[in-house]
Structures are given as C-alpha cells and as structure tokens.
Amino acid sequence: MKNALTGVERALFWTLVFAAFAAAAAGLAARAVDRLAAERQASLTQYAIVRVVAPDAPAGTAAAMAALNRAAHVEQATPMSAARAAQLLGGAVPPGEIPAIQLIELTLEPDAPGDVGDSLEAALAEGGVTGEVTLAPPEADALAARLRLAAVWGAALFAAVMALIISLAARGLAARRRELVTVMADCGATQAQAAGRIADEATLLGLYAGLVGGLLAGAAGLAVLLIAIPGVDVDALRTMILPIDLAPIAAAPLGAAIAAGAGARAAAGFFHGQAARLG
Amino acid sequence: MARQNSFDTDLFERGVLARLSGVDAGYGAATVLRGVDFEARKGEVALVTGPEAAGKTSLMHLLRLTLAPRAGRALILGADIARVGARTRAKIKRRIGYVAENPVFVEHWSAFENIVLPLKMAGARARDYTLDVHELVDFVGLASAASDLAMEKLSGAERRRVAIARALAIKPDLILADDPTAGMSPAEGRRIVRVLAEMRRVGAGVVIASQDESLAECGPILRWRIERGRVSPVDHPTRAEAEALE
C-alpha cells in the first residue's frame with residue numbers, strides 16, 4: 001500500500017467510497033421499502049369484515065364478538081364505529097349521517113388458512129349469530145408483493161452497477177501499477193503472481209472504501225429515520241432496526257473488496273500477458 | 001512425446017546456457033533474425049556487435065524468452081522455448097538477469113526497493129538479502145546514498161547501474177545486457193562491461209549487445225557480429241586455445 005492514497009489513488013479511493021455508499025444506501029432503502037410493503041401486505045391479507053345479520057344490534061354485535069373471540073385464527077375483533085366507517089369511506093359521509101351498522105373488523109393470525117371464512121361463520125352460528133364473513137380478495141396484496149420484489153431486484157441491480165463501477169475504477173489502479181507488472185513479468189513472475197499482487201492492493205483499497213461507504217450510508221439512514229419519525233429515541237431505534245437491516249452495510253466492504261480485486265486482477269493479468277508474451 | 005523434446009538437460013549440464021540453431025524470428029510480417037546459430041556458455045562473456053537495426057535487441061528478446069523462433073531450435077537453460085508453456089517460461093526467466101536498453105522501473109520506489117524486487121518475488125527475507133544487496137550496490141558502482149532515492153531522481157547512468165544490480169541480485173545463470181553502455185562516457189561504459197564480465201567468475205554466462213566493438217577489449221570476451229539478422233562468430237579461439245587462455 002506504499003503511496004496508495006496519493007494523487008490519483010486518493011481520487012480512486014473516494015470513487016470507490018461513493019460507489020459503495022450508493023450501493024449500501026440503495027440496499028437500506030430497499031430494506032425500508034420491503035418492510036413497509038410487508039406490513040401493508042400483512043394488514044391486507046390478515047383482514048376480514050363480519051356483517052352481523054341476526055340478531056339485531058346491539059345484542060347481535062355482542063354475541064358475535066363473544067363468538068369471534070373464542071374462534072380460532074382471530075387475533076383481534078373490533079366492532080366498527082361510525083367514525084371508523086366514515087374514515088374508511090374517505091370522509092365522503094360525515095360520521096353523524098352514518099346509520100347504525102353491525103360490522104366487526106377482524107385481524108387474523110398470520111397463519112390463518114384461505115378458507116377461514118367458513119370456520120368463522122360456523123363459530124358465529126355456534127354462538128347463535130347469523131353473520132357473513134368477507135375476506136380480503138387474494139389479489140389484495142399483489143401490489144405490495146410486486147413492490148417488495150421490485151425493491152429487492154432494484155437494489156440488487158443497482159449494487160451490480162456499482163460493483164461494475166468499482167471494478168472499472170480498480171482497473172485504473174492496475175493501469176497505475178503497469179510498470180510494476182512489467183518489471184515483475186521481466187523478472188519471471190507468473191501471471192497469477194503479478195496479477196495477484198495488484199489484486200491484493202486493490203482488494204484492500206476496496207475493503208477500506210467499502211467500510212467507509214457502508215458506514216456513511218448507515219449514518220445517512222439513521223439521519224433519515226430521525227427526521228422521518230419525530231421524537232424517536234435510541235431505544236426505539238434499537239428495537240426497530242433488525243439485524244437483517246444492517247446487511248447492506250455489512251455487504252458494502254465485502255462487495256467493494258471483491259469487485260475491486262476482480263477488476264484489478266483482470267487488468268493486471270492483461271498487462272502481464274502483454275509484457276510476457278512470446279511475440 | 002512433445003514434453004520429451006522440450007528439454008535438453010544434458011546440454012545444459014555441459015555448460016551450454018543458450019543454443020540457437022538455424023533460428024528465424026521476427027515481428028508480424030517482418031523477419032528480423034535469419035538462420036541464427038549462436039551459443040552462450042557458462043563462464044563465458046559474449047559480445048554481439050552490429051550496426052543499428054541489425055537485430056541485436058531481437059536476439060536479446062529471443063534469449064530472454066519474449067520472442068518465439070519461427071524456424072530452427074532455441075534452447076535456453078536447457079528448455080526449447082517454442083515448446084514449453086508460459087509457466088515454465090516464467091520459471092526460466094527467473095534464472096535470467098536482463099538489463100534492457102530502456103529499463104523499466106517502479107519510478108516512485110527507491111533504487112534499493114527496485115533492486116530487491118526479484119528477491120522478494122522469490123520469497124527471500126529482508127534480513128537475508130539486505131547486506132548482499134548493499135555489497136551489490138557497491139559492486140555496480142552506485143553510491144549508497146543514491147540507492148535510497150526514488151528512481152525518478154536518478155541520472156541515466158545511475159538508472160543503468162540499478163538495472164544491472166537488479167539483474168544480478170538473483171544470481172542468474174545467464175545475464176543479458178542490451179546496450180548497457182548507452183549514454184555513458186567510454187570510461188564509464190568500460191567499467192560497466194567489466195562489472196558484467198566479472199560475473200563469469202561465479203559461473204554465469206554473459207551476453208552483451210552493443211554497437212561499440214571496442215568493448216571487446218575489456219577482458220576475455222568472445223565476439224559475435226550481427227548484420228541484417230545474421231550472426232557470425234568473430235575470431236573465436238578453438239576450444240584448446242580457450243582452455244590455454246583460462
């Protein structure tokens with residue numbers, strides 16, 4: 001690493017840092033999108049509405065609530081208020097104008113089967129209630145699923161482009177070391193020896209750059225969270241951030257090191273081939 | 001079968017470091033060397049002289065395994081260079097000390113670091129070679145202060161001395177010097193040739209290419225003449241005469 005961070009190498013180092021930062025930041029953003037979409041997906045697929053047909057309110061609602069609270073796969077049952085109904089209608093009808101409704105909102109357990117509606121209606125019947133259960137249609141979570149997929153593949157594609165940029169920048173480092181490769185070839189170094197030496201240097205540079213880029217992306221992500229969630233404290237952040245969310249930060253040094261090493265190795269191998277060719 | 005013909009260890013053990021037999025070589029469509037017969041032996045110094053563009057540097061490239069023969073046979077340190085693979089060629093090159101006409105260095109490294117590079121490549125440890133390399137620096141006439149300077153700060157003559165020291169550092173079997181006295185005063189040039197010729201005493205074979213025929217006066221040197229790609233011996237003593245001289 002002698003003089004590795006002087007002149008052109010310093011500019012190269014910061015290019016690698018920027019690429020690693022961008023890749024890690026994209027990864028963090030993808031994780032955020034994935035988590036929000038997963039929550040949305042869960043809220044849509046684990047949701048059902050019960051319309052109590054008989055007996056009439058309020059006895060009907062109370063009996064239905066009692067039956068649903070005993071039923072399997074129900075996490076939570078909440079009678080729908082006029083205010084909640086108005087909210088679901090998007091404020092088109094004021095709460096005061098909404099007639100008495102006999103609707104119950106259900107949050108189902110994540111492992112509830114697709115035909116849970118039938119078993120819920122049976123549970124209501126056992127409780128002496130006639131009710132209709134409406135489940136979220138199967139395509140309700142399609143958008144969220146597509147969003148999650150787009151986030152994962154988008155981040156992967158972006159990281160691949162950044163890896164390509166790092167690899168090409170590392171070729172620049174190999175070009176700066178061309179004289180060393182030539183001298184080594186003259187002294188009888190094999191391609192693996194000469195390219196390996198340059199690749200080692202580039203790998204180390206990529207590792208440091210990835211570390212700096214990853215940490216910067218982590219700091220930027222933290223700043224975004226602090227701004228986006230007013231009043232959030234460190235303890236809340238600690239519980240909110242899962243270990244898997246840190247994967248892009250951990251992957252940045254590794255990915256940058258591999259991409260830089262591979263790029264420099266390829267270029268140095270080419271230079272060695274030119275220097276040692278049997279013309 | 002091909003592998004059996006790739007090496008002639010017997011020839012090498014008899015002291016023949018390089019033997020070219022009827023070799024043609026060149027670049028692209030141009031044939032630079034034609035029907036070359038040449039030999040370099042252990043403990044001998046060969047001086048190849050000839051006018052500009054006669055093929056001296058091409059002969060050196062052939063001997064240092066960067067130019068392939070198109071016809072004939074080239075045996076270098078016992079290996080037929082047209083038949084061996086890249087790995088074996090690299091192995092053989094590690095036993096050849098080469099002083100290029102325009103030597104390439106790692107410019108921001110010191111002269112000392114450039115000299116020890118082949119030793120580091122061979123896995124030698126600094127404590128084992130440092131003293132020897134300082135002696136070598138003295139031997140080639142490079143001021144020890146200069147050996148600590150970055151290459152880009154050295155004069156042309158000093159750079160050539162560094163190139164010679166780097167070539168000798170690995171204690172090569174064969175030393176090739178392409179115009180090693182270029183840009184030097186006649187006295188300085190002769191001193192450099194004497195330094196190179198000294199290596200015959202430790203059993204190396206030395207081949208020097210130059211336009212300057214007077215370098216043959218620097219010691220017991222076998223002369224070869226190259227013209228238009230053809231090499232011929234000049235006043236070579238018979239084996240008996242050579243032994244008597246020894």
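Me: How do you know that the radius of gyration of chain B agrees with a compact globule?
Reply: The radius is taken over C-alpha atoms, and the globule rule is 2.2 Å times the number of residues to the power 0.38. For 246 residues that rule gives a value near 18 Å, and chain B has 18 Å, so the two agree. The C-alpha trace of chain B spans about 50 × 40 × 40 Å along its principal axes.

Me: Before we go on, what are we looking at, and how are things labelled?
Reply: It's a predicted model, where local features need pLDDT of at least 70, side-chain atom pairs count only at pLDDT 80 or more, and totals for chains, interfaces and linings use all residues. Residues are numbered from 1 along each chain as its sequence is written, while chains are lettered from A and ligands numbered from 1 in the order in which they are written.

Me: Why is Ala19(A) called buried?
Reply: A residue is buried if 20 or more other C-beta atoms (placed from the backbone) lie within 10 Å of its own, exposed if 12 or fewer, and partly exposed in between. Ala19(A) has 29 such neighbours, so it counts as buried. By that cut-off, 42% of the 246 residues of chain B are buried too.

Me: What makes Met162(A) a contact of Ala19(A)?
Reply: Two residues are in contact if their C-beta atoms, placed from the backbone, lie within 7 Å. Setting aside neighbours within four places in sequence, Ala19(A) is in contact with Met162(A), Ile165(A) and Ile166(A). Ala19(A) itself sits in helix 1 (residues 8-45) of chain A; helices (H or I, at least four residues) and strands (E, at least two) are DSSP runs, numbered from the N terminus.

Me: Which residues of chain A touch chain B, by class?
Reply: In total, 14 residues of chain A are in contact with 20 of chain B. Helix 6 (residues 178-186) of chain A gives the most to its side, with 6 residues. That side has 6 nonpolar, 6 polar and 2 charged residues. Nonpolar covers Ala, Val, Leu, Ile, Met, Phe, Trp, Tyr, Cys and Pro, charged covers Asp, Glu, Lys and Arg, and the others, Gly among them, are polar.
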